[in-house]
Amino acid sequence: MIAFMSITTKKGDRGETDLYDGRRVRKSDSRIAALATIDELNSHMGLAISLGGDEFLEVIQNDLFVLGSIIANPKSKENMTENLTILEDRATELEATIPPLKNFILPAGETLACQIHIARSVCRRAETQLAKDLDVSCCAYINRLSDYLFLLARSVNIRSKKKEVIWKKL
């Protein structure tokens with residue numbers, strides 16, 4: 001018989017939670033805040049997929065779980081180096097397919113592109129919350145991911161023939 005773990009443990013009712021190493025920390029701890037933002041980002045990626053995003057977004061979702069496990073384990077020796085290389089390669093390929101940017105643009109256009117822009121902004125917030133003691137590849141991955149999502153949103157708009165909205169100072 002398979003034992004099932006209950007989702008409701010009541011252990012967090014007093015504002016604390018467990019890290020991977022068993023330490024109890026406040027839910028306001030910077031690692032927990034980063035994990036929550038990574039989770040939010042992953043959910044936005046799922047919505048982008050449901051709106052027609054490509055299969056690489058699922059790869060990113062899996063990468064975000066790896067990153068979350070690294071964040072949750074202060075003693076982790078894991079890194080995101082291989083994931084980062086794959087992401088950088090995809091960004092380079094994507095950037096070669098779209099015209100160079102000459103102006104700031106507003107996050108607008110096709111519904112999928114707008115959702116990707118939302119994911120990108122959540123990604124940027126996650127970057128500000130990452131623990132300083134993480135391997136540099138973790139921070140680099142999130143930084144590069146926001147770049148990739150920006151390129152992807154532009155690509156979606158260009159493919160759907162939605163004109164990019166250039167920012168104008170009013």
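Helices are taken here as DSSP runs of at least four residues, numbered from the N terminus. In the predicted model examined here, His117 is placed in helix α4, which covers residues 111–129. Leaving aside residues up to four places away in sequence, His117 touches Pro107, Ala108, Phe150 and Ala153.

Salt bridges were then considered across the chain. The count comes to 4 salt bridges, among them a pair formed by Arg125 and Glu40, whose closest N and O atoms are 3.1 Å apart. Arg125 belongs to helix α4 and Glu40 to helix α1 (residues 30–50), so this pair ties together parts that lie 85 residues apart in sequence. Both partners fall into the intermediate accessibility class: Arg125 is partly exposed at 35% relative accessibility, and Glu40 is partly exposed with a relative accessible area of 30%.

A further salt bridge joins Arg90 to Asp54, with 3.7 Å between the closest N and O atoms. This pair also links distant parts of the chain, since Arg90 is in helix α3 (residues 81–95) while Asp54 is in the loop between α1 and α2 (56–72), 36 residues apart. Arg90 counts as partly exposed at 24% relative accessibility, and Asp54 likewise counts as partly exposed, at 28%.

Helix α3 also contributes Glu88, which is paired with a residue of helix α5. The side chains of Glu88 and Arg144 meet in a salt bridge with an N to O distance of 2.9 Å. Glu88 in α3 and Arg144 in α5 are 56 residues apart, and the pair thus links distant parts of the chain. Glu88 is partly exposed, its relative accessibility being 27%, and Arg144 is partly exposed with a relative accessible area of 24%.

The geometry of α5 and of the segment that follows was examined next. Helix α5 has 24 residues and reaches 34 Å from its first C-alpha to its last, a span close to the 34 Å expected at 1.5 Å a residue. Just after α5, Lys161 adopts a positive phi of about 60°. Most residues other than glycine have a negative phi. The positive value at Lys161 occurs in a residue other than glycine. Lys161 lies in the segment after α5 (136–159) and is exposed, with a relative accessible area of 74%; this assignment follows because the exposed class comprises values over 50%.

Trp167 is also located in the segment after α5. At 45% relative accessibility, Trp167 counts as partly exposed. Together with Phe104, Leu106 and Val165, Trp167 makes a nonpolar surface patch of about 420 Å². Trp167 can be included in such a patch because the residues concerned must have over 30% relative accessible area, and the value for Trp167 is 45%.

Methods: Residues numbered from 1 in each chain as written. Predicted model: local features only at pLDDT ≥ 70, side-chain atom pairs only at ≥ 80, totals over all residues. Heavy atoms only, no water. Helix = DSSP H or I, 4+ residues; strand = E, 2+ residues; numbered from the N terminus. Buried < 20%, exposed > 50% of the residue type's maximum accessible area, 1.4 Å probe, protein only. Contact = heavy atoms within 4.5 Å. Expected span 1.5 Å × (residues − 1). Patch = residues over 30% accessible without salt bridge, like charges linked within 9 Å, V, L, I, M, F, W, Y side chains within 5 Å. Areas by Shrake-Rupley, 256 points an atom, 1.4 Å probe, with all protein chains shown as cover.
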